[in-house]
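Q: Could you take me on a close look at one part of this model, the charged side chains and the helices that carry them? I'd like one connected account that I can follow with the structure open beside me.

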Amino acid sequence: MSISKMMQSKITRSLLTSTVIGTLIALASPVKAGVLDDVFIRPGVDEADFGACARDLTRGKVEAQIAADACAKAIRPKDLGICVDRITRNEVSAEDALSVCRQVRRPVEASTCVVDIRRRAPQTALVNVLNGCRQSLLPARFSNCVVDLSRDLKLTTEQSISACISASDITRDLQPTVLPGATNTSPVTLPAPVTPSPVQPSPGGSTPAPPATTPGTVTPQRF
């Protein structure tokens, strides 16, 4: 093999190695949940999304100026429109629907949450349904929790909403009072340190006698 071909092969291998290592580092780096959500759930937003948002909000009886402001500021305008359209079809005002859809990261799931609870538990107060679906980080999971607990435990929907919302507030960083592998023993109290009092000279100017030593105590010698 000629020297030029050897050099080209080495350069090619180096480039491939650098590319693979760079890709692995990028995948291993911590990424914000919002970035992952934008990339893997619904990548990209085209111009047609804004038109779809405007049409859905208009169908939901949202005023034109309010609809324009909402669609322009939305990260996913098409999802915002879908959310408002679905909720308003279930006898919810446009103002309430838009308020929920604008305050959640997953507007489509939020609409599914509202529609699901309203359909399967129609006796639930609307304000509780809207607040619960708006506060939940995973609205679809939340609606399943509410409906299933109400059905299987014979709870009111309000009780299930409270339980499913509270489940997301559990503290995850509790500190154990006993280390793993340790036994439940009483705490050991260490004695307080003793500070020796300064030696005061006698009135006659003589040096006081050294203190008596106790058994097991070594008195340092002066040389």
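**Charged side chains and their helices**

A: Let's start with arginine 89, which is exposed, with a relative accessible area of 59%. Please keep in mind throughout that this is a predicted model. Arginine 89 forms a salt bridge with aspartate 85, and the closest N and O atoms of that pair are 3.2 Å apart. Aspartate 85 itself counts as buried, at 11% relative accessibility.

Aspartate 85 has another partner to look at. Arginine 59 also forms a salt bridge with aspartate 85, here with the closest N and O atoms 3.8 Å apart. Arginine 59 sits in helix H3 (residues 48-59) and aspartate 85 in helix H5 (residues 77-88), so this pair ties together parts that are 26 residues apart in sequence. On the arginine side, the relative accessible area is 44%, which makes arginine 59 partly exposed.

Now turn to a pair within one helix. Lysine 73 and aspartate 69 form a salt bridge, with their closest N and O atoms 3.2 Å apart. Both belong to helix H4 (residues 64-73), where they are four residues apart and thus separated by about one helical turn. Lysine 73 counts as exposed at 59% relative accessibility, while aspartate 69 is partly exposed, with a relative accessible area of 30%.

Some of the charged residues join up: Asp116, Arg119, Arg120, Asp148, Arg151 and Asp152 are linked in a network of salt bridges. Helix H7 covers residues 107-120, and helix H9 covers residues 139-153.

Take H7 next. It has 14 residues and reaches 20 Å from its first C-alpha to its last, close to the 20 Å expected at 1.5 Å a residue. Its buried residues are Pro107, Ala110, Ser111, Cys113, Val114, Asp116, Ile117 and Arg118. Asp116, one of the buried residues of H7, is also a member of the salt-bridge network. The buried residues of H7 pack against H5, H6, H8, H9 and H10.

Leaving out residues up to four places away in sequence, arginine 118 touches Asn90, Glu91, Thr124, Leu126 and Val129. Val129 in that list is itself buried, in helix H8, together with Leu130, Gly132 and Cys133. Seen down the axis of H8, these buried residues fall within an arc of 165°, so they line one face of the helix. What covers them includes helix H6 (94-101), H7, H9 and H10.

Buried in H9 are Pro139, Phe142, Ser143, Val146, Val147 and Ser150. Looking down the helix axis, those residues fall within an arc of 120°, so they line one face of H9. That buried side packs against H7, helix H8 (126-135) and helix H10 (157-166). The face turned away from it carries the exposed residues Arg141, Asp152 and Leu153. Asp152, then, is exposed on that face and is also part of the network. Just after H9, lysine 154 takes a positive phi of about 60°.

Finally, step back to the whole chain. It contains 10 helices and zero strands, and 25% of its 223 residues count as buried. Among contacts between residues at least 6 apart in sequence, 61% join residues at least 24 apart. The chain exposes about 16,800 Å², of which carbon and sulfur atoms supply 60%.

Key: Residues numbered from 1 in each chain as written. Predicted model: local features only at pLDDT ≥ 70, side-chain atom pairs only at ≥ 80, totals over all residues. Heavy atoms only, no water. Helix = DSSP H or I, 4+ residues; strand = E, 2+ residues; numbered from the N terminus. Contact = heavy atoms within 4.5 Å. Salt bridge = Lys/Arg side-chain N within 4 Å of Asp/Glu carboxyl O. Buried < 20%, exposed > 50% of the residue type's maximum accessible area, 1.4 Å probe, protein only. Areas by Shrake-Rupley, 256 points an atom, 1.4 Å probe, with all protein chains shown as cover. Expected span 1.5 Å × (residues − 1). Arc of directions from axis to C-beta.
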